Amino acid sequence: MRLSKRIIPTAVTVATLAISTQAMADTWKMALGDAAGGTQYELGTTFADLLEEKTDGEIRVDLFPNGQLGSEQDTVNNASMGLLDLSVLAINNITPFSPTVGVMTLPYVIRSPEDARTLTQGEIGEELTENTIRDAGVRILAWAYSGCRRLTNSSHPVAEPSDLEGLVIRVPKNEIMISSYQSWGVNPNPLAWSETFTALQQGVVDGQDNPYITIDAMKFYEVQNHVTDGCYVFSLEPLIISESKFQGLGPELQQTVLEAGQEATQQSYDYLLDTEASIKKKLVEEHGMEITEPANDEQQWIEMATQIWPQFYDSIGGKEKLDQALAALGRDPAPAE
Ligand code: MLT
């Protein structure tokens, strides 16, 4: 992991840095929901370095990790109102503002890094970018690929949906993810990301799901010991820019910003492929987490969760949007209702 001079840990250093850099460069603020060290941070620092390099230092970006600038959903509101320049956050925390993005979080649509790349970098990704500008006033500049979301808990191994009985699982405030757990027979507890570690630590909830890289970056291994190696949702973490900020830039700078985003996206994909396996190993060998394989290749999880797809056809723009995504992934259309 690179250590960044860009991280702004306290209010005092914010003020000091603001004074010292004011004269030298235009400084943009980037919020990160996660702690430094994961894919959000990797994408954020890569983009910041590229932008600084491409503008010969005229623009620099300071990163504020760990939800310092508010919950991930707050950062969408703030960017939309022009109060924040940039934010890297989980896709599921954009869906409430731009529901068509939900096609990316329907359970078992994206099942691998390759699927994630196909959907984000093709026509579907372009259309969703247009939709978030229209619905939420933010533009997706780049994607961090964080890997499949894996269920963790502090109680017992979970191999099949019935093993969830008695567990209180934290989910983001996202209707699709709430319904996924309901399909498996439990009522999850929707909580903001910024409150999740404390809720796990205090036993308010027993478990949550996030990718291996995030489990490591957030030190969830300190409060969780079981992981289920499933893949119901792939964690995509877009870098968004306030659309009013973007529109205020000249055409040449807009192009530079877009290019920095495209290059950072490619680097994020490589980062996932290079690091996920070793982080998984570290969680077991150094932090004592126990990994459980989902029973029968996850078949029961898949059959139950995909039953919820029709509930979200209206919000994602119709069944044809899901079928379009499945076709791009080389799969059959969703069954008729
Ligand atoms: C969530 O669980 O709310 C998000 O996945 C958190 C994140 O940004 O990593």
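## Ground rules

The model is predicted, so local features need pLDDT of at least 70 and side-chain atom pairs count only at pLDDT 80 or more, while totals for chains, interfaces and linings use all residues. Residues are numbered from 1 along each chain as its sequence is written, and side-chain values use heavy atoms, with hydrogens and water left out.

## The chain as a whole

Let's start with the big picture. The chain holds 13 helices and 11 strands; these are DSSP runs numbered from the N terminus, with helices (H or I) of at least four residues and strands (E) of at least two. Its radius of gyration is 20 Å, which agrees with the value near 20 Å for a compact globule of 337 residues. That radius is taken over C-alpha atoms, and the globule rule is 2.2 Å times the number of residues to the power 0.38. Along the principal axes, the C-alpha atoms fill a box of roughly 60 × 45 × 30 Å.

Buried residues account for 58% of the 337, where buried means under 20% relative accessible area, exposed over 50% and partly exposed in between (1.4 Å probe, protein chains only). Take the contacts (heavy atoms within 4.5 Å) between residues at least 6 apart in sequence: 76% of them join residues at least 24 apart.

## The largest pocket

On a 1 Å grid over the protein atoms alone, a pocket is an open set of points with protein on both sides within 12 Å along at least five of seven lines; a cavity is a set where a 1.4 Å probe fits but cannot get out, and lining residues have an atom within 4 Å of a point. Points are joined across faces, edges and corners, and a volume is the space filled by probe spheres set on them.

The largest pocket has a volume of about 420 Å³. Its lining has 16 residues, with Glu126, Thr129, Ile140, Leu141 and Gln262 nearest the centre. Helix 4 (113-121), helix 5 (123-136), strand 4 (138-148) and helix 10 (251-285) each give at least two residues to this lining, and strand 4 has the largest share, with 5. By class, the pocket lining has 5 nonpolar, 8 polar and 3 charged residues; Ala, Val, Leu, Ile, Met, Phe, Trp, Tyr, Cys and Pro count as nonpolar, Asp, Glu, Lys and Arg as charged, and the others, Gly among them, as polar.

A search of the whole structure turns up 3 cavities of 30 Å³ or more. The largest cavity contains about 110 Å³ of space. It is lined by 13 residues, and Leu151, Gly230, Tyr232, Glu298 and Trp301 are the closest to its centre. That lining splits into 8 nonpolar, 2 polar and 3 charged residues.

The second largest cavity has a volume of about 70 Å³. Of its 14 lining residues, Glu72, Ala90, Arg149, Trp193 and Asn210 sit closest to the centre.

Serine 180 belongs to helix 6 (residues 175-183) and is buried, at a relative accessible area of 0%. Beyond its neighbours within four places in sequence, serine 180 is in contact with Pro107, Tyr232 and Ile308.

Most residues other than glycine have a negative phi. Asparagine 66, in the loop between strand 2 (59-64) and helix 3 (72-80), has a positive phi of about 65°. Tyrosine 108 also has a positive phi, near 65°. Tyrosine 108 lies in the loop between strand 3 (86-88) and helix 4 and counts as buried, at 3% relative accessibility.
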